[in-house]
Structure formats: C-alpha cells, structure tokens
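Opening the notebook on a new model today. I want to go through it site by site and jot down what I find.

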Amino acid sequence: MPDWDKYRIRQGEEVEITTVRHIAHVPTAKRIIEDGRIKSGLIYDKSLLNRSRISVVWLSANTWANGSMYGTVAFEIPWADIVNGQNIYWVEAVTDYNPTAFRFLLSKRDVKSPHAQPYDPARDNGPLRYRDGRWFRAGNLTSEFMIEEDISLDQSTALDFVNHHPRYCSSDGSACEDVRQPPSPQKTAARMLAHVLAKDHHEIDRLWKPPGVKAVFTPLEIGYSGLWLSLATRRTEFGGALRNPKSCTRVVMGALALYGLNQVEAARNLLSLINSEDHFERALLKAIRRHFREPRWKPDW
Ligand SMILES: [Zn+2]
C-alpha cells in the first residue's frame with residue numbers, strides 16, 4: 001500500500017478545490033504587499049523535507065472554523081493557476097495536527113528526494129484527486145500544499161481577514177501576539193488598511209475593492225469600519241487646535257502609520273490634536289479617496 005492510501009478520500013468526505021489560500025501574520029502580510037509576491041522560504045517545521053533546502057510557499061484549501069494557526073491575513077488564489085504545469089509529489093501526513101494534515105509538494109522541476117514520491121492525482125487514490133477537469137480533496141483532513149516557487153500577488157483574487165487559532169501558532173507558539181491578544185478580523189483589516197494608506201502601497205488596491213462584491217462586504221469597508229471604531233466613536237479625545245484640512249490630513253497619515261504598527265494609543269494621542277470627530281472623518285475619507293482615486297467614495301454602512 002502506498003503511504004497516501006490511509007488518507008484517501010472516503011465516502012461523503014469529498015470536497016472540490018477551486019481556490020487555495022496563503023495565510024500570514026500581519027507583519028509578514030505587510031512584507032508580502034511590499035514585495036508584490038509571496039516569497040518562498042525554507043521549510044523549518046518538522047517536515048521530512050526540512051533538510052532538503054527546498055524553498056516553498058505554503059497554501060491550503062481549508063478554511064478554519066476555529067481560527068487559523070498561520071495568521072490572520074489571507075490571500076486567495078485560484079487553484080487551477082497554482083496547479084497548472086506542476087509535478088505533484090506526496091510528502092507526508094502530519095498526525096499531530098487535528099485534523100491530520102496531508103502534504104503535497106508541487107514543483108515544475110523533477111524532484112529527486114526520498115521524501116517526495118511522484119503522485120498522479122488522476123490515478124493515485126490519495127487525499128487529492130483529479131477527475132473530469134475538477135480537483136477534489138479529503139474534506140475531513142487538513143490540506144497543505146508546498147509550492148516550490150514565489151507566487152505573485154497578481155495571481156491573488158481575494159483578500160480576507162480571519163481569526164487566529166486561540167492556542168496554536170505555526171510560527172511563534174505561545175509568543176504570538178495574536179494568541180495573547182486575539183485581534184478581530186475587523187481590527188486586522190484596519191491595521192492592514194492603515195499600513196497601505198500610510199505607506200502609499202498600491203499593489204493590492206483591486207483586492208480592497210473587488211468588482212462585483214457588495215460594497216459593505218469589501219475588505220475596504222471592513223478596514224474602514226475597524227479604523228472608525230478604534231479611532232473615533234469616543235476612543236480619541238478630540239478637541240485640539242487643528243481644523244485646517246491639510247493639517248488634519250497630515251496628522252491622520254501619521255496616526256495611520258502608528259496604527260499599522262499596532263501603536264493604537266499613540267495614534268489616538270496624535271489624533272487628539274484634531275479639533276473634532278468631523279474634522280477627523282473628513283481627513284480620513286480624503287486619505288482613502290486619494291489612495292483609491294475615487295473622489296466620491298464613502299462607506300456604505
Ligand atoms: Zn500566530
């Protein structure tokens with residue numbers, strides 16, 4: 001019996017794969033946006049491949065009902081774009097995950113490793129199958145795909161914000177700040193939005209406001225409402241001297257930079273230089289309208 005047989009798709013557990021996600025913590029997600037790509041990295045966990053010097057990007061088809069242990073920012077990518085032209089190798093099952101994870105390596109080269117067995121999804125009966133132009137996985141297991149190449153953000157079709165797992169973290173263990181103080185998806189969205197506004201990053205503008213998505217569900221609205229809830233609505237003691245729109249905008253940009261670094265109190269203190277919540281709102285709207293080049297944008301809620 002091949003190693004993957006134990007993890008084959010069982011009756012009633014078959015789930016189609018259409019998209020996969022790369023999930024990262026906020027600091028890494030910021031770097032991904034700056035790089036314009038998800039850079040592959042060496043494998044550090046207990047994987048059989050961790051001495052292989054193979055560099056991979058981790059993707060999964062799962063969504064995490066109990067929160068993700070990979071972080072809070074998700075970049076979604078169509079599976080067909082990922083799998084196209086790749087050789088597929090079975091690597092291992094990780095049974096100390098719950099549910100058990102199956103791992104495949106996808107590479108465009110011919111991988112020679114005792115820990116990577118060539119796998120034909122059309123013929124081999126494991127947890128990943130290809131049939132009539134469609135892909136399926138064992139829905140009761142954790143899917144992990146290791147892609148041996150960088151993935152450009154141009155390939156990403158959606159941005160999402162998720163809860164961190166309450167206890168487990170793939171990178172930092174109990175040191176993870178998201179485990180110690182779990183951020184809401186709205187808070188994560190607000191941090192990421194503050195960062196791209198303050199740094200003037202335009203790489204993923206289309207993902208903040210995807211066409212065809214109802215305005216109120218766009219990441220932009222989620223981030224904006226997160227910023228509003230944590231910086232306005234009686235959180236900041238406005239009443240400072242600044243009323244001039246230009247000065248207010250400068251202060252807001254500084255506050256967004258601080259907020260992106262999770263220095264929320266410092267951001268509020270800076271904003272208190274502004275005279276009123278109205279002045280703050282106008283300056284924040286202006287920052288968003290200018291960034292997204294939509295002079296009339298306003299939140300839908
Ligand atoms: Zn974590």
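**Entry 1: the zinc site.** First reminder to myself: this is a predicted model. I looked up what holds the zinc ion and got four protein donors: H25 through NE2, H164 through NE2, C169 through SG and C176 through SG. I then checked the geometry, and the angles among the four donor atoms run from 103 to 118 degrees. That makes the site tetrahedral, because four donors count as such if all angles lie between 85 and 135 degrees.

Next I wrote out the spacing of the donor residues in sequence, which is H-x138-H-x4-C-x6-C. H25 lies in the loop between β2 (19-24) and α1 (26-35), while H164 lies in the loop between β14 (158-161) and α3 (177-180), so the two histidines tie together parts that are 139 residues apart in sequence. Are these two buried or exposed? H25 is buried at 10% relative accessible area, and H164 is buried too, at 6%.

**Entry 2: S107.** I found S107 in strand β8, which covers residues 101-107. Its relative accessibility is 1%, so I put S107 down as buried. What does its side chain touch through a polar contact? The partner is the side chain of E148, at 2.6 Å. Leaving out neighbours within four places in sequence, I list Q86, N87, Y89 and E148 as the contacts of S107.

**Entry 3: the second largest pocket.** I noted about 370 Å³ of space for this one. Its lining has 21 residues, and P183, K187, Y259, N262 and V264 lie nearest the centre. Which helix gives the largest share of the lining? It is α4, with four residues. At least two lining residues each come from α3, α4 (185-199), α6 (219-231) and α8 (264-271).

Entry 4: Most residues other than glycine have a negative phi, and most peptide bonds are trans, so I went looking for exceptions. N98 and P99 are joined by a cis peptide bond, with omega at about -5 degrees. I place P99 in the loop between β7 (87-94) and β8.

T233 is not a glycine, yet its phi is positive at about 35 degrees. R234 also has a positive phi, near 70 degrees. T233 lies in the loop between α6 and α7 (245-260), and R234 is in the loop between α6 and α7 as well. On accessibility, T233 is partly exposed at 32%, whereas R234 is exposed at 82%.

How values were computed. Residues are numbered from 1 along each chain as its sequence is written. This is a predicted model: local features need pLDDT of at least 70, side-chain atom pairs count only at pLDDT 80 or more; totals for chains, interfaces and linings use all residues. Side-chain values use heavy atoms; hydrogens and water are left out. Donors are N, O and S atoms within 2.8 Å of the metal (3.2 Å for Na, K and Ca); water is not among the atoms, so sites may look incomplete. Four donors count as tetrahedral if all angles lie between 85 and 135 degrees; four count as square planar and six as octahedral if opposite donors are over 155 degrees apart and all others between 65 and 115; anything else is irregular. Buried means under 20% relative accessible area, exposed over 50%, partly exposed in between (1.4 Å probe, protein chains only). A polar contact is a pair of N or O atoms within 3.5 Å; within protein, one must be able to donate a hydrogen and the other to accept it, and residues adjacent in sequence count only if both atoms are side-chain atoms. Contact means heavy atoms within 4.5 Å. On a 1 Å grid over the protein atoms alone, a cavity is a set of points where a 1.4 Å probe fits but cannot get out, and a pocket is an open set with protein on both sides within 12 Å along at least five of seven lines; lining residues have an atom within 4 Å of a point. Grid points are joined across faces, edges and corners, and a volume is the space filled by probe spheres set on the points.
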